[in-house]
Each structure stands twice: as structure tokens, then as C-alpha cells.
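Good morning. I will go through one structure today, and you can follow along on the screen.

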Amino acid sequence: MTQPNGERLTLSSTFRFTCRPGIACFTHCCRDVNIVLTPGDVFRLKQRLQIPSHEFLDRYTVTLISRHSGLPVVLLKMQEDEAKLCPFVTPEGCAVYQDRPWACRMYPLDFDTDLDSYRIIADPSRCRGLQEGPEIVVEDWLDEQGALKPHPVDRMYNEATRRLEFPRDRVSNPEVARMYFLAAYDLDRFRHFVLGTRFLQIFDLPAEVVEGIKQDDMELARLAALWLKFGFADKNALPLRDEIFDPSLR
Ligand code: SF4
Ligand code: SF4
């Protein structure tokens with residue numbers, strides 16, 4: 001039986017679903033849809049497309065500021081014609097399937113953090129897979145889609161911002177929101193920021209870390225997450241140079 005849209009599901013719940021080329025609605029859900037990109041999504045997609053983060057963000061995304069948190073929210077930009085197709089959809093399916101965004105991996109499910117449960121968000125009258133598929137266990141489905149655990153980059157950013165509670169900690173300073181965007185989404189510009197400003201005169205980073213971030217995006221993301229943690233929650237997250245505490249040396 002198809003689960004009613006919105007019913008709460010746990011990892012051990014079952015639902016009926018399949019999605020495959022040949023199904024009547026194939027790729028119909030890849031248009032005119034709001035897909036929020038996580039930092040990990042942007043990380044994967046810009047690597048997949050082999051373009052710098054700022055080029056990816058300029059070409060494929062729009063950024064809004066969340067009223068709830070005051071922080072940037074990055075959305076995948078649909079094409080601007082009448083069909084409003086996702087820029088990555090093709091007649092054969094998703095052109096970036098291995099690196100598709102988290103929300104696409106989850107679909108037709110979504111995770112409700114407040115209720116700590118999953119729910120079906122697709123309309124069963126439009127998503128044929130909810131009518132035609134076999135009964136599957138939520139956990140197995142998510143595992144198959146690579147959506148059971150967050151991407152390592154998202155884990156680092158989640159940890160960095162773990163102590164923030166909204167709306168209590170709502171960010172009202174646009175400069176803070178801009179720095180968050182730089183560190184969480186625009187990693188290639190963050191690299192220039194670290195190497196081209198006083199950053200390394202303020203923070204005492206081991207030489208191997210400085211060398212690492214020049215080449216390695218994962219090292220760079222690790223530093224960016226620690227910098228956010230330093231700014232938002234924990235002044236011990238990054239070591240400061242002794243000199244910056246000594247006014248006579250400035
Ligand atoms: S990224 Fe891929 S799966 Fe997601 S909407 Fe676009 S084409 Fe569909
Ligand atoms: S509407 Fe449902 S079955 Fe059809 S392509 Fe999208 S997820 Fe798959």
C-alpha cells in the first residue's frame with residue numbers, strides 16, 4: 001500500500017517505491033523544484049564539474065538569506081525558460097548522478113529534524129514509483145542512495161555550528177553571513193582569503209596544514225569548518241599566534 005503523503009517514517013519503516021528509466025514519470029521531478037544545497041553538495045558538484053566554487057555558485061545557484069537563521073541558503077538554480085528544468089537533467093537521467101545533491105538522494109523522502117523522522121514528500125499521484133515499486137525498508141533505501149550518513153564535509157560543518165540554536169542565535173550582521181558563505185560554500189575564494197590576507201599572521205597553523213590547503217580541498221574544508229567553529233562557538237578551535245596578544249609587537 002502506498003504510504004499517505006506526510007506520514008512519519010522511521011529507519012525501519014517500509015514504503016513502496018522504485019525509480020528507473022522507463023517509468024512514465026522519469027525525470028519529471030527534476031524541474032521547477034527547490035533544492036537546497038549543503039556545503040557538501042557544492043563541494044562534490046564543483047569537483048565533479050572541475051570548476052572553481054565561485055564559478056559553480058555563479059552559474060548554478062541562487063543564494064537567499066534565511067529569516068530564521070540570518071545565514072545564507074544556497075539553492076540549485078533551475079533553467080530560466082518555461083520548463084524550468086534542472087541544469088543537470090538529461091533524457092537519460094541525472095548527468096551528475098554519482099554526485100547529485102543530498103535532497104535528490106533522499107527523494108521521495110525528507111528528514112524532519114524537529115520530529116526526528118522521515119516522511120514522503122512526493123505526490124503519489126505524480127510519482128509513479130510510489131505506486132509501482134516494491135515494498136522497501138527506509139534504511140536500505142537511504143543506504144543504497146548514499147544518504148544514510150552525511151558527506152564528511154557536511155559532518156565537519158554540522159559540528160562547527162552544532163551549538164547554534166535558531167532563532168536565539170540568529171545572525172544579524174551581514175558581514176558574518178558573508179564570511180559564513182565564504183567558508184561553507186565558496187572554498188576556492190576561502191583559499192585566497194587564507195593565503196592572501198593576515199589570516200596566517202593571526203592563526204598559528206602548522207606548515208603542513210598551510211601546504212595542504214594549497215592543493216587539497218578536504219584540508220581546506222577542514223580549516224574552514226574550524227574557522228567557523230572559532231567564530232561561532234569555540235575560541236579554542238584554532239590556535240592564535242602569541243604575537244597578537246602583545247601590543248608592543250603589532
Ligand atoms: S541534480 Fe540530478 S537528480 Fe537532482 S534534480 Fe537535477 S537532474 Fe534531478
Ligand atoms: S517522480 Fe518519482 S518515480 Fe518519477 S522520476 Fe521522480 S522520483 Fe522517480
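I will take the sheets, then the helices, then the ligands, and end with some backbone details.

Keep in mind throughout that this is a predicted model.

Let's start with the sheets. One open sheet has three strands in the order β1-β9-β8, and the pairing is antiparallel. At the edges stand β1, residues 8–9, and β8; each has a single partner strand, so one side of each has no neighbour in the sheet.

Look now at how β8 and β9 go together. Strand β8 covers residues 109–112 and strand β9 covers residues 117–120, and they pair in the antiparallel sense over four bridges. Then go to Asp112, whose bridge partner in β9 is Ser117. What do β8 and β9 form, and how many residues are between them? They form a hairpin, with four residues between the strands. In that turn, Asp116 has a positive phi of about 50°. I will come back to positive phi values at the end.

The next sheet is also an open one with three strands, here in the order β3-β5-β4, and its pairing is antiparallel. The edge strands are β3 (36–37) and β4 (61–65), each with a single partner strand, so one side of each is left without a neighbour in the sheet.

β4 pairs with strand β5, residues 72–76, in the antiparallel sense over five bridges. Thr63 has Val74 as its bridge partner in β5, and Ile65 has Pro72. A hairpin is formed by β4 and β5, with six residues between them. Gly70 sits in the turn and has a positive phi of about 80°.

Now the helices. Please find helix α11, residues 217–232, because I will describe its packing against helix α6, residues 152–160, where the angle is about 15°, and an angle under 35 degrees counts as roughly parallel. So α6 and α11 are roughly parallel to each other. Their axes are 8 Å apart, and the crossing is right-handed. Which residues make the contact? From α6 they are Val153, Met156, Tyr157, Glu159 and Ala160, and from α11 they are Ala221, Arg222, Ala225, Leu228, Lys229 and Phe232. Sorted by class, this contact has eight nonpolar, no polar and three charged residues.

Helix α11 also packs with helix α8, residues 187–196, and there the angle is about 70°, with the axes 10 Å apart. That makes α8 and α11 roughly perpendicular to each other. On the α8 side, Leu187, Phe190, Arg191 and Val194 take part; they meet Asp217, Leu220, Ala221, Leu223 and Ala224 in α11. The contact of α8 with α11 has seven nonpolar, no polar and two charged residues. Note that Ala221 is listed in the contact with α6 and in the contact with α8.

On to the ligands. Around ligand 1 we find Cys30, Ile35, Cys86, Phe88, Val89, Cys94, Val96, Arg100, Pro101 and Cys104. By class, that shell has nine nonpolar, no polar and one charged residues. How many residues surround ligand 2? There are 13, and the closest are Cys19, Cys25, Cys29, Cys127 and Gly129. The shell around ligand 2 divides into nine nonpolar, three polar and one charged.

Last, the backbone details. As background, most residues other than glycine have a negative phi, and most peptide bonds are trans. Lys84 has a positive phi, near 50°, and is a residue other than glycine. You will find Lys84 in the loop between β5 and β6 (89–90).

As for peptide bonds, the one joining Tyr107 and Pro108 is cis, with omega about 15°. Pro108 is in the loop between α3 (102–106) and β8. Another cis bond runs from Phe166 to Pro167, with omega near 10°. Pro167 has its place in the loop between α6 and α7 (174–184).

That is the end of my list. Thank you.

Notes: Residues numbered from 1 in each chain as written. Chains lettered and ligands numbered in written order. Predicted model: local features only at pLDDT ≥ 70, side-chain atom pairs only at ≥ 80, totals over all residues. Axes fitted to C-alpha atoms, helices over the stretch in contact; angles between N-to-C directions. Helix = DSSP H or I, 4+ residues; strand = E, 2+ residues; numbered from the N terminus. Parallel < 35°, antiparallel > 145°, perpendicular 65-115°, else oblique. Left-handed = near helix turned anticlockwise from the far one by under 90°. Contact = placed C-beta atoms within 7 Å. Nonpolar A, V, L, I, M, F, W, Y, C, P; charged D, E, K, R; others polar. Pairing = 2+ DSSP bridges. Near = placed C-beta within 6 Å.
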